[in-house]
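User: I am new to reading protein models, and I would like to go through one slowly with you. Could we take the features one by one, with the general idea before each case?

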Amino acid sequence: METNTLPAIDAHAHVFVRGLPLAPQRRYAPDYDAPLEQYLEHLDRHGLSHGLLVQPSFLGEDNAYLVAMLARAPARLRGIAVVGKDVGPEALQGLGEAGIVGVRLNLIGEALPDIDTPEWTPLVEALLERAWSVEIQRTSADVAILAHQLVDAGLEVVLDHFALPVDEDDPGFARVLALGASRRTWVKLSAPYRGGPYGKQRAVRAYPRLRDAFGFDRLMWGSDWPHTGFERSETFAGNRRFLDALAPSAVERDQILAAPRDLFRLTSD
């Protein structure tokens, strides 16, 4: 692993093995293993000091495997869990002690929740108490509606996959860019291929606007390994090269790779 004064963080990856309990409501189920050992090899090979493991949507709210994997490299890994809005404080406490630093709302194909309602208040307050971030996967068409609510509540918000821009003229993407002024919103430069057949082209066009609106300290890179649903066309190395093409300056890339160190409580020690 390369020595660097700044941490170099992969801010979006998944690990899993076949045979784990699957969520009843799921859009996808893998027929292969994505073991932690292989993921750590990728980090080493690409000079990355840390990784953020995100609970896969097909495992639902059962974070047991994620917690077990975090325990195997606690200095190097942090996690993002999936929980229900009625999760109890003891469960959150246990997740925090295991290295969880935020929760994910995967809202693709789901109704957009209204977190200003009383049923969401306990979870919002618990997240604020723990200073956890909220990660959202949703297209830019309306993701800013929820993000603004969360920001107004005082939470740090992370938007997955370039905020999934529909196109460069999408009014929703303009609302996403406006979130940059809050300094509480982050965007993952990850999985451009999830934006549809022209996703990579849209990501290339979106990047300068995201950079100008958010700054390098609010952008983060993620490999999206093992690229669930796109395993045959995508690789860890290819997605790392995509960042090089977006940000050809090594100084810029270093800032992006180190950006989430405080948000995810990671250090270069």
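Analyst: Let us begin with contact, which means heavy atoms within 4.5 Å. Helices (H or I, at least four residues) and strands (E, at least two) are DSSP runs, numbered from the N terminus. This is a predicted model, in which local features need pLDDT of at least 70 and side-chain atom pairs count only at pLDDT 80 or more, while totals for chains, interfaces and linings use all residues. Residues are numbered from 1 along each chain as its sequence is written, and side-chain values use heavy atoms, with hydrogens and water left out.

User: Which residues of helix 6 and helix 7 meet each other?

Analyst: From helix 6 come Phe173, Val176 and Leu177, and they meet Ala206, Arg209, Leu210, Ala213 and Phe214 of helix 7. To sort such a contact by class, Ala, Val, Leu, Ile, Met, Phe, Trp, Tyr, Cys and Pro count as nonpolar, Asp, Glu, Lys and Arg as charged, and the others, Gly among them, as polar. By that scheme the contact of helix 6 with helix 7 has seven nonpolar, no polar and one charged residues.

User: At what angle do the axes of helix 6 and helix 7 cross?

Analyst: Axes are lines fitted to C-alpha atoms, for helices over the stretch in contact, and angles run from 0 to 180 degrees between N-to-C directions. For helix 6 (171–178) and helix 7 (residues 199–214), the axes cross at roughly 30° and come within 9 Å.

User: How do helix 8 and helix 9 pack?

Analyst: Helix 8 (residues 236–246) and helix 9 (residues 250–258) have axes 9 Å apart and pack at an angle of about 125°. That angle makes helix 8 oblique to helix 9, since angles under 35 degrees count as roughly parallel, over 145 as roughly antiparallel, 65 to 115 as roughly perpendicular and the rest as oblique. On the helix 8 side Arg240, Leu243 and Asp244 take part, and they meet Arg253, Ile256 and Leu257 in helix 9. By class, this contact of helix 8 with helix 9 has three nonpolar, no polar and three charged residues.

User: Which residues of helix 9 are buried?

Analyst: Buried means under 20% relative accessible area, exposed over 50%, and partly exposed in between (1.4 Å probe, protein chains only). In helix 9 the buried residues are Arg253, Ile256, Leu257 and Ala258, and the buried residues of this helix pack against strand 1 (9–13), strand 7 (185–190), helix 7, strand 8 and helix 8.

User: What is a nonpolar core, and which residues touch the most other members of the largest one?

Analyst: In soluble globular proteins, nonpolar side chains tend to be buried together. A nonpolar core is a set of buried Ala, Val, Leu, Ile, Met, Phe, Trp, Tyr and Cys residues joined through side-chain atoms within 4.5 Å. The largest core here has 70 residues, of which Tyr39, Leu53, Ile136, Leu159, Leu210 and Ile256 touch the most other members. Helix 5 (residues 143–152) supplies the largest share of this core, six residues. Apart from it lies another core, of 13 residues, including Leu52, Val101, Val158 and Phe264.

User: Which residues does isoleucine 9 touch, beyond those up to four places away in sequence?

Analyst: Isoleucine 9, which lies in strand 1, touches Leu48, His50, Trp221, Leu257, Ala258, Pro260, Arg261 and Leu266. Isoleucine 9 counts as buried because its relative accessible area is 1%. Although isoleucine 9 and leucine 266 are 257 residues apart along the chain, their C-alpha atoms are separated by 8.7 Å.

User: Is proline 89 buried or exposed?

Analyst: Proline 89, in helix 3 (residues 89–98), counts as exposed because its relative accessibility is 60%.
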